[in-house]
Amino acid sequence: MSIFTPTNQIRLTNVAVVRMKRAGKRFEIACYKNKVVGWRSGVEKDLDEVLQTHSVFVNVSKGQVAKKEDLISAFGTDDQTEICKQILTKGEVQVSDKERHTQLEQMFRDIATIVADKCVNPETKRPYTVILIERAMKDIHYSVKTNKSTKQQALEVIKQLKEKMKIERAHMRLRFILPVNEGKKLKEKLKPLIKVCLIDPGCFREIDELIKKETKGKGSLEVLNLKDVEEGDEKFE
Amino acid sequence: MVLNSLDKMIQLQKNTANIRNICVLAHVDHGNEEYLINLIDSPGHVDFSSEVSTAVRICDGCIIVVDAVEGVCPQTQAVLRQAWLENIRPVLVINKIDRLIVELKFTPQEAYSHLKNILEQINALTGTLFTSKVLEERAERETESQVNPNSEQGEQVYDWSTGLEDTDDSHLYFSPEQGNVVFTSAIDGWGFGIEHFARIYSQKIGIKKEVLMKTLWGDYYINMKAKKIMKGDQAKGKKPLFVQLILENIWSLYDAVLKKDKDKIDKIVTSLGLKIGAREARHSDPKVQINAICSQWLPISHAVLAMVCQKLPSPLDITAERVERLMCTGSQTFDSFPPETQALKAAFMKCGSEDTAPVIIFVSKMFAVDAKALPQNKPRPLTQEEIAQRRERARQRHAEKLAAAQGQAPLEPTQDGSAIETCPKGEEPRGDEQQVESMTPKPVLQEENNQESFIAFARVFSGVARRGKKIFVLGPKYSPLEFLRRVPLGFSAPPDGLPQVPHMAYCALENLYLLMGRELEYLEEVPPGNVLGIGGLQDFVLKSATLCSLPSCPPFIPLNFEATPIVRVAVEPKHPSEMPQLVKGMKLLNQADPCVQILIQETGEHVLVTAGEVHLQRCLDDLKERFAKIHISVSEPIIPFRETITKPPKVDMVNEEIGKQQKVAVIHQMKEDQSKIPEGIQVDSDGLITITTPNKLATLSVRAMPLPEEVTQILEENSDLIRSMEQLTSSLNEGENTHMIHQKTQEKIWEFKGKLEQHLTGRRWRNIVDQIWSFGPRKCGPNILVNKSEDFQNSVWTGPADKASKEASRYRDLGNSIVSGFQLATLSGPMCEEPLMGVCFVLEKWDLSKFEEQGASDLAKEGQEENETCSGGNENQELQDGCSEAFEKRTSQKGESPLTDCYGPFSGQLIATMKEACRYALQVKPQRLMAAMYTCDIMATGDVLGRVYAVLSKREGRVLQEEMKEGTDMFIIKAVLPVAESFGFADEIRKRTSGLASPQLVFSHWEIIPSDPFWVPTTEEEYLHFGEKADSENQARKYMNAVRKRKGLYVEEKIVEHAEKQRTLSKNK
């Protein structure tokens, strides 16, 4: 005859551990998966949706709860909820699968948006759409690096895409304003010296510096248009 | 169609009076005359009504096929309307009578009343068209009567109104006794008109054929004893003649066959004097037997084609009215044409084949043919010599016959009976097959393989089309007046050095083809009145055109399209590198399909606009398999939004006044306005943002204000003007005064300014127009930057002050950075990086004092050239303006100026700071999204109005007005609909109303979406109403998040909604 005996064990599933070292001790809290990042960004506002339990552990997997003295010595309080919040915001997180996935996806999109924004099809002078760029990025098997900024990566992507398809950075439209006598000197360096010209935005700095150096600050550059693209809708007729 | 009848067709082509251009085609013996019938079959689906339009234009008559069971469908209405608009004569075929017998099991009496019903419906439709036309004409005449008392319109109306009472009615309406209605069952191969039975019974019963013709249809019965036909069958409970003499016979035949009553069948067959083959007679499938009996007894081809020959006009019978209608575009009246043009009318009417007659050809569409299918690229069974011989023989035969018949009698049939090879027009018209006659193969020319070749589908209205003939190609917008103005009268053969006239080209007719279904055959020449294909025009003709040997010919009026393209999708190649093929393919598609529109949008999307989902599918298939030959993907087009701000709302979401009840303070639901703004930025209660550059040298104070709607509208309308103002200022900046302000432009600018002043009234807007610094984004958009600082003197109206002090010029250079910051801020708003609209940023203060102090020491050093180097506007963050250059100079070529400190160049900092300031200024105000709206015109019949409204409201549409169209039962509904909700709208509305309502969508304006995308319930009432999480959908937030997701921006959405409900991955328990 079996007698119902309540277990004093609460088994936790779907645990994401957040750790923090303080006062030479390691503290852990047990959270739900895919929720910690949401809490940090402020989307999730309900603490109970994030924490599995309000108690602070020394080791979550072994179920060792932190001692009160340790908590007081490390955090100056023994309010478990308060400490949990601190650990949540400052501790080191295990990024869960979905969180990582959304982050990568977001960055991927962001990169594609930047590329689409900065580039044109050199034949038509019209931009490509984001969806097309995304597909092209997948075609070249571009993998997103989370530790680099999206802007940096976008520039890399442009370089790689150039080998695959007709893509080019949208040119800037510049106007040079140069004193007459200096103009000649510069002519060799900036030939042909045109009043309004198109350049690749990548070499803007170089040109800018060159002009300044050569004219000793007398000449100047004026950006007429950041992106030289066709505007308006075109209808086939 | 077999080859050996072709020669005869060539002969037949020459006799214009015996041509019938209708929809479907073959040559036919009728009585003693032979006819050439050009028959163009057109698809029945609503989406392809453009095909009907193109076919109808080059026809003289049409057969309208109606299903006996389904009766009048929406498409029937559309087709009738098109025939009516093009002024061509219709005849009616009521098909599938067998279904009444076999499926519905009607008695003859029931079938008769059913058919009568259908006929009445169709006549009612015709009547509606007729009356609405009369009403329109009358209205037109009333407006025009004063101006033009004896114009064409007047005469026409006179005709019409008399028609209302007597004569014209009979032409208009369908009636079996008129002979323009035929009852058929194409599947069983039989069909009859009243005339057929009238002939039979006049012999049998001995009543005159004419009497029978009048009485076989209608409420007449026959008194067999007295051999008299009496009126009023129903009153006396008698069967009408049509039932007794016609339907009952057919019914009894079906009855016998279906019951497999051998004796009875034999009896019927012998009594009809038919011979049924043993094979058919023994066949177990009754359908075969019926077919065998009926196709001999009442052959469908005879019935239908006889009607065609008798009732439809030949090209010679073209009415003057139709000619004028074809030639007069829009409001132009025929009288307004120059005399040369008016003279062409005679040529039309005459349809002459002499060499002197002007050649007039109308190309109604271009269709693509695989180059392999062209006759020159196809293996031919016959050599040229053979064909030449055959032709010679045929000519001789023909000449003999002509001689025998004194050259005036109609042609005798050479091979009798067997000449009818047409398949009767089926009930489901499919594809667009055209057939014409005659051929002469031509030596092979160039032509690349695997290429689509375009053939113009055309008809000769006058003169003879010969290969190699030089001809004018007149586009739809061409005006003969234009030409006559440029070219002196009485010019002879047009030289190559003809002056350029818009929409006109001059080329030779390269190849002429006979269209026989999918087959093409070469022709040397085509006499008037015929349908033909012309090759080699693709460079001159886009979709339709008029070809004429005289340039004085006006282009024909544009085709009437029942369906306008409304279904929009974005098309992209699967592999990005295949973009050029796609573009090329789309160009071809555009040429091949009369009813497709292709746009490249500013976003780089290639948008395909089609008439409906079915049409779209065909276009995509064509694109994939024929024109582009690449894989493509289709998606919903990107929907643009705009961001704006509004005045703070007075009431909350449950219509309670704000401020009356205190907010419920819930810890995790606070509106986080403040938390969005980082530290170091001061925000006062009025939304004034004060922000300092990272190097703490400059401080800006910016406020955002919503512009009144009218102002935004004015700005939108005048964007071109603003752009030219901008160009003007920048050229002035350079010191180039060559572009003197045009007087007109100047006036326009003042007018524009006046308008702005007129609308920007009130305390807050005082003097603001004079302080406008810039417009944005791209310097011409619907947002304003206003500078309210005291020393401001650089508004858009005055341009840069030339003799400004050095102080001012310094300000100006820095000002450019601020303007650039404003431009960037307006280009992408904080909500979802979409452009702003209708926002006014006010720069209340700019404190550059610290910067000044730092720079004051070297002010003296700066030369005069500072003024010269001032620039109009620099938008780049990396750009250093003249000021920092000056500093660079001060630090003597060392390269790095002190202001290019760890935060980058000062101007760049200023740009970034200004941009941030604008964004925060927006964020403290109630932000709103603006959605692009379509105006939507829907024509619908009264009975489907409810469903139209349901679809509209489901898609957030709003009905503006609804009115009844005069003289019809159609309603015209005007509504607005967000573009975001329009995907699939046209299709849904068609489905829901079974095609009785067809919408037309045109972009109209931007509209603020009233709901706040950041809204969360804050008051007690709102909690009660919406709950804690505001689960009910927030339209604006939905849109915003969709855009943010698409762009890869951060979306405030939980990855997992409920932590507990995730899939458990741990294995132990």
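Predicted model: local features only at pLDDT ≥ 70, side-chain atom pairs only at ≥ 80, totals over all residues.
Which residue of β23(B) is the bridge partner of R568(B)? The partner is V609(B).

**Around strand β21**

β21(B) is joined to strand β23 (residues 606–610) of chain B by 5 bridges, and the two run antiparallel. β21(B) also pairs with strand β24 (residues 632–635) of chain B, again in the antiparallel sense, over 4 bridges. Within β24(B), S635(B) is the bridge partner of A570(B).

**An open sheet**

Further along chain B there is an open sheet of 6 strands with mixed pairing, in the order β26-β27-β28-β31-β30-β29. β26 (682–683) and β29 (772–776) of chain B stand at its edges; each has a single partner strand, so one side of each is left without a neighbour in the sheet. Inside this sheet, β30 (residues 783–787) and β31 (residues 839–847) of chain B run parallel and are joined by 4 bridges. For L785(B), the bridge partner in β31(B) is F841(B).

A helix belongs in this picture too: α29 (residues 906–923) of chain B lies across β27, β28, β30 and β31 of chain B. Helix α29 runs at about 40° to β28(B).

**Strand pairs at a glance**

| Strand pair | Sense | Bridges |
|---|---|---|
| β21(B) and β23(B) | antiparallel | 5 bridges |
| β21(B) and β24(B) | antiparallel | 4 bridges |
| β30(B) and β31(B) | parallel | 4 bridges |

Conventions. Residues numbered from 1 in each chain as written. Chains lettered and ligands numbered in written order. Heavy atoms only, no water. Pairing = 2+ DSSP bridges. Contact = heavy atoms within 4.5 Å. Axes fitted to C-alpha atoms, helices over the stretch in contact; angles between N-to-C directions.
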